[in-house]
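Please keep the viewer open as you read, and turn the view as each residue comes up.

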Amino acid sequence: MNIKNIGVFKPRTIDSLNPRSIKVLIPMKSLQLLETLDAELQKDKDYMVAAKDFLDAPHENPPYTRVESILMKAFIDMPKMIPTPLTGPRKDRVYELRSYESATEAKYINKVAMFNEGGEVTLFNDLGFNAVFYGEVLSGANMPNLMYMTTFKNKASRDAHWKSFSESPV
């Protein structure tokens with residue numbers, strides 16, 4: 001379907017606060033693409049052959065427990081997803097998916113404005129956070145909400161970047 005830069009992520013550690021899960025990030029150019037995705041995949045013979053074991057998994061051994069989908073709209077200050085520019089070993093990289101759940105819609109609108117008009121997207125760029133995306137959650141389990149993903153070459157780099165952010169005068 002010519003969708004580029006699909007990301008597949010799993011947690012670095014698995015515990016009670018961070019259960020076994022896989023996150024799949026699929027950038028789409030339109031809602032129409034999302035609407036037709038399943039039907040188009042079912043017409044794709046190569047996909048149907050490659051996915052056969054997954055699609056036909058027995059009831060007593062399903063490939064997953066549940067699927068949760070979150071639909072997001074890109075922030076004005078970062079209208080397209082950008083793959084990380086990092087080139088070091090993937091095993092060391094930290095992809096940090098962050099979520100800001102707001103108590104009210106007004107607080108949510110204010111937080112989104114802080115990222116766009118308030119300059120947080122620019123600050124993250126200036127500090128080298130290697131953001132992949134910033135998005136307003138249009139539909140999902142926890143709303144109102146915004147989400148974004150940053151990338152770091154390793155845990156030490158992640159910690160140093162967040163320290164620089166908290167010490168920033170902006």
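1. Let's begin with Phe165, which is partly exposed, its relative accessible area being 21%. The cut-offs are these: buried is under 20% relative accessible area, exposed is over 50%, and partly exposed lies in between, with a 1.4 Å probe and protein chains only. Phe124, at 1% relative accessibility, counts as buried. The ring centres of Phe124 and Phe165 are 4.9 Å apart and the planes are at 10 degrees, so this pair is stacked.

2. A word on the model and the terms. This is a predicted model, in which local features need pLDDT of at least 70 and side-chain atom pairs count only at pLDDT 80 or more, while totals for chains, interfaces and linings use all residues. Residues are numbered from 1 along each chain as its sequence is written, and side-chain values use heavy atoms, with hydrogens and water left out. Helices (H or I, at least four residues) and strands (E, at least two) are DSSP runs, numbered from the N terminus. Rings of Phe, Tyr and Trp (its six-membered ring) pair if their centres lie within 6.5 Å; planes under 30 degrees apart are stacked, over 60 edge-to-face, and the rest tilted.

3. How many aromatic pairs does the structure hold? There are 19 aromatic pairs. Another one to look at is Phe54 with Tyr64, a tilted pair at 5.9 Å centre to centre and 40 degrees between the planes. Phe54 is in helix H3 (residues 52–55), and Tyr64, ten residues apart from it, is in the loop between H3 and strand E3 (71–74). Phe54 counts as partly exposed at 45% relative accessibility, and Tyr64 counts as partly exposed at 42%.

4. Phe124 and Phe165 also belong to one aromatic cluster, whose members include Tyr100, Tyr148 and Trp162. Arg98 lies over the face of Trp162, 4.1 Å from the ring centre, and the charged end of Lys111 is over the ring of Tyr100, 4.5 Å from its centre. The criterion here is NZ of Lys or CZ of Arg within 6 Å of the ring centre and within 35 degrees of the ring normal.

5. Helix H6 (residues 155–167) has 13 residues and reaches 18 Å from its first C-alpha to its last, close to the 18 Å expected; the expected span is 1.5 Å times one less than the number of residues. Which residues of H6 are buried? They are Ser157, His161 and Trp162. Viewed down the axis of H6, these fall within an arc of 130 degrees, so they line one face of the helix; the arc is that of the directions from the helix axis to the C-beta atoms. Lys155, Ala156, Ser166 and Glu167 are exposed on the other side of H6. Strand E4 (94–101), helix H5 (120–126) and strand E6 (145–152) are among the elements covering the buried residues, where contact means heavy atoms within 4.5 Å.

6. Helix H4 (residues 105–115) is where Lys111 lies. Is Lys111 buried or exposed? Lys111 is buried, with a relative accessible area of 15%. Beyond its neighbours within four places in sequence, Lys111 is in contact with Tyr100, Glu120 and Leu146. The buried residues of H4 are Tyr108, Lys111, Val112 and Phe115. They cover an arc of only 100 degrees around the axis, which puts them on the same side of H4. On the other side of H4, Ala106, Lys107 and Ile109 are exposed.

7. Finally, the whole chain. It has six helices and six strands, running β-β-α-α-α-β-β-α-α-β-β-α from the N terminus on. Of its 170 residues, 26% count as buried. Among contacts with a separation of 6 or more, 66% come from residues 24 or more positions apart. The C-alpha atoms fill a box of roughly 55 × 35 × 30 Å along the principal axes.
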